[in-house]
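Here's a walk through one chain, taken a piece at a time. Have the viewer open and follow along.

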Amino acid sequence: MVKWLLCGAAMISGIVIAAEPENRSFQFGNFEVIAVQDALSEMRLELFPGMPEEEFLRLTGGGRVPSSVNVFLLKRGDGKIILVDAGNGGKRGRMLRKLEQSGVFPESVDFILLTHMHGDHIGGLLGKHGEAVFSRALVYVSMPEWEFWQNGTAGPQGKQVRKALHAYGSRVRTFRFGEEVLPGIKALDASGHTPGHTVFETDSLLIVGDLLHAAALQIPRPEVCTIYDMNPSGAVQVRRRFYEFAASSPKPVAGMHLPYPGIGRIGRSAAGYVYLPGK
């Protein structure tokens, strides 16, 4: 019952040692989007409750399914820098070092948008002594997400969240679904994976957070959930809704656990949906 509370730690079991991919830069409408891989991972069958082994092997072609931990940096035309999620932090996370490779240092980040507050999305907010890594940034999170983690009952993960909120103090901002959080970026309700999980929509891109964790499984089988989905039935409903939205839209999706660089298109097939990597 508490496995999802240890999301950041559980993902560590899937690490694969490999050469680090370089940051990738894309232009989407008014934003330059830089994809950064914070960590490489693969996911095992036991992370997908109820998934038949034969089906898992058929869809993945092996014993594990490729995944990733990605963050996305958005550069606006006015020079403002926006980070979407903050990765793992600690020894596993390599976000900071990789941002520096693109000439971006923590003090230059103006805004941080959080899709949700699991450990592999907020760990990079804090330094080794619990201090705020990003000295100037305003941190934005949905009101339902903020309210849930503030209630003090969410175990070790809740403690990590509250440390992060305390470190950023008055620089934490909340928003409601449907609002334009920042100019050109709208927050869409994707609750299910967590109580306030958010998709961010720009004029040319959907940043879908943890809408899915394993494209090879969950694109053809949107009903498949991971142990990290806090409300599995809600996660399935929102996954289907956004798959249909994405398949009907010219906008690509950017996902925090899509295979790096984490950007592609969701389209329809005779059997349901397909994922096509690339812009």
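How many bridges join strand 13 to strand 14, and do they run parallel or antiparallel? Six bridges join strand 13 (residues 263-269) to strand 14, and the two run antiparallel.

## Ground rules

This is a predicted model, so local features need pLDDT of at least 70 and side-chain atom pairs count only at pLDDT 80 or more, while totals for chains, interfaces and linings use all residues. Numbering starts from 1 along each chain as its sequence is written, and side-chain values use heavy atoms, with hydrogens and water left out.

As for confidence (pLDDT is the predictor's own score for each residue, from 0 to 100), the chain has a mean of 92, and 92% of its residues reach 70 or more. Residues 1-17 are the stretch to treat with care: pLDDT stays under 50 there. The model has 40 contacts beyond four places in sequence for residues 1-17, a contact being heavy atoms within 4.5 Å.

Two strands pair if DSSP finds at least two bridges between them; helices (H or I, at least four residues) and strands (E, at least two) are DSSP runs, numbered from the N terminus.

In soluble globular proteins, nonpolar side chains tend to be buried together. The largest nonpolar core here has 28 residues, and L83, I112, L125 and F134 have the most contacts inside it. Helix 6 (155-168) is one of the elements supplying at least two residues, and helix 6 gives the most, with four. F134 touches L83, I112 and L125, among others. A second, separate core of 25 residues includes Y140, F200, I207 and A254. (A core is a set of buried Ala, Val, Leu, Ile, Met, Phe, Trp, Tyr and Cys residues joined through side-chain atoms within 4.5 Å; buried means under 20% relative accessible area, exposed over 50%, partly exposed in between, with a 1.4 Å probe and protein chains only.)

Then there's F48, in the loop between strand 2 (31-44) and helix 2 (53-60). F48 is buried, at 2% relative accessible area. F48 and T226 are 178 residues apart in sequence, yet 4.5 Å apart in space, C-alpha to C-alpha.

## Salt bridges

The count comes to twelve salt bridges, each a side-chain nitrogen of Lys or Arg within 4 Å of a carboxyl oxygen of Asp or Glu. R97 pairs with E20, closest N and O atoms 2.8 Å apart. That pair links distant parts of the chain, 77 residues apart, with R97 in helix 3. R97 is partly exposed at 42%, and E20 is partly exposed at 33%.

R240 bridges to E223 at 3.7 Å. R240 sits in helix 8 and E223 in the loop between helix 7 (215-218) and helix 8, so the pair ties together parts 17 residues apart in sequence. Both also belong to a salt-bridge network with E55, R58 and R221. D229 and R239 meet in a salt bridge too (3.7 Å, N to O), and both of those residues are buried.
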